[in-house]
Amino acid sequence: MFNKILVALNTNAIGQQIFEHALTLATASNAELLLLHVISPSDDGYLDASTMETYSVYDDVNYYVNQWESLKREGIEFLTLLKSQAIAKGIASDFTQKIGEPSPTICEVARSSQADLIVLGRRGLSGINEFFLGSVSNYVLHHAPCSVLTVQGVRAIL
């Protein structure tokens, strides 16, 4: 059925749900998991300049460097935990973390890793919210080099 499943994750509750769906599919088809976390400056909750106090350009740069390092570390810890859970279930697993825009990055990693399936979350945006905020799942559905499974998340209220 599937040989390699790319699992696009955020370090949140829906990320755990996405992983569990992918783990179930990998177990059923004896597939390998490739866990992917994309750090994007446009994502909610990432680098928020409004929370910092401005003293100098040097302080601003240090603030952002520290924020990026923290985000990278948090992502690696999350991916390492999930990889361990998969291996404990007898599923071959690896992970990667990228910095960039999630939509094209997910498609490129799927292409370069020769994934048979992409599993990712869906926030439930529609209409004007989807237009202004964009939809990673919609982009991936239309540009992926393989099949895509979307896991419905909690509906965003804006």
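**Helix packing and the sheet**

Tutor: Helix α3 passes α5 in a right-handed crossing, meaning that the near helix is turned clockwise from the far one by less than a right angle. Helices (H or I, at least four residues) and strands (E, at least two) are DSSP runs, numbered from the N terminus.

Student: Which residues of α3 and α5 make the contact?

Tutor: From α3 they are P102, S103, P104, I106, C107 and R111, and from α5 they are V136, Y139, V140 and H143. Contact means heavy atoms within 4.5 Å.

Student: What are the angle and the axis distance for α3 and α5?

Tutor: The two pack at an angle of about 35 degrees, with axes 8 Å apart. Axes are lines fitted to C-alpha atoms, for helices over the stretch in contact, and angles run from 0 to 180 degrees between N-to-C directions.

Student: Where do the numbers come from?

Tutor: This is a predicted model, in which local features need pLDDT of at least 70 and side-chain atom pairs count only at pLDDT 80 or more, while totals for chains, interfaces and linings use all residues. Residues are numbered from 1 along each chain as its sequence is written, and side-chain values use heavy atoms, with hydrogens and water left out.

Student: What span should α3 have, at 1.5 Å a residue?

Tutor: Its 12 residues, 102-113, should span 16 Å, and the end C-alpha atoms are 16 Å apart, which agrees. The expected span is 1.5 Å times one less than the number of residues.

Student: Which residues of α3 are buried?

Tutor: P102, S103, T105, I106, C107, V109, A110 and S113. Buried means under 20% relative accessible area, exposed over 50%, and partly exposed in between (1.4 Å probe, protein chains only). Those buried residues pack against β1 (4-9), β2 (32-39), β3 (93-99), β4 (117-122) and α5 (136-143).

Student: What happens just after α3?

Tutor: Q114 takes a positive phi of about 55 degrees there.

Student: Switching to the sheet: what is the strand order?

Tutor: The five strands form an open sheet, ordered β3-β2-β1-β4-β5, with parallel pairing. Two strands pair if DSSP finds at least two bridges between them. At the edges stand β3 and β5 (147-152), each with a single partner strand, so one side of each has no neighbour in the sheet.

Student: How many bridges join β1 to β4?

Tutor: Three. In one of the pairings, V7 has V119 in β4 as its bridge partner.

Student: And what lies across the sheet at α1?

Tutor: Helix α1 (residues 13-29) lies across β1, β2, β4 and β5, and runs at about 175 degrees to β1.

Student: Which residues touch the most others in the largest nonpolar core?

Tutor: Of its 21 residues, I5, V7, L9, F19, L33 and L35 do. A nonpolar core is a set of buried Ala, Val, Leu, Ile, Met, Phe, Trp, Tyr and Cys residues joined through side-chain atoms within 4.5 Å. The largest share of this core, six residues, comes from α1.

Student: How many residues apart in sequence are I91 and L23?

Tutor: They are 68 residues apart in sequence, and 7.9 Å apart in space, C-alpha to C-alpha.
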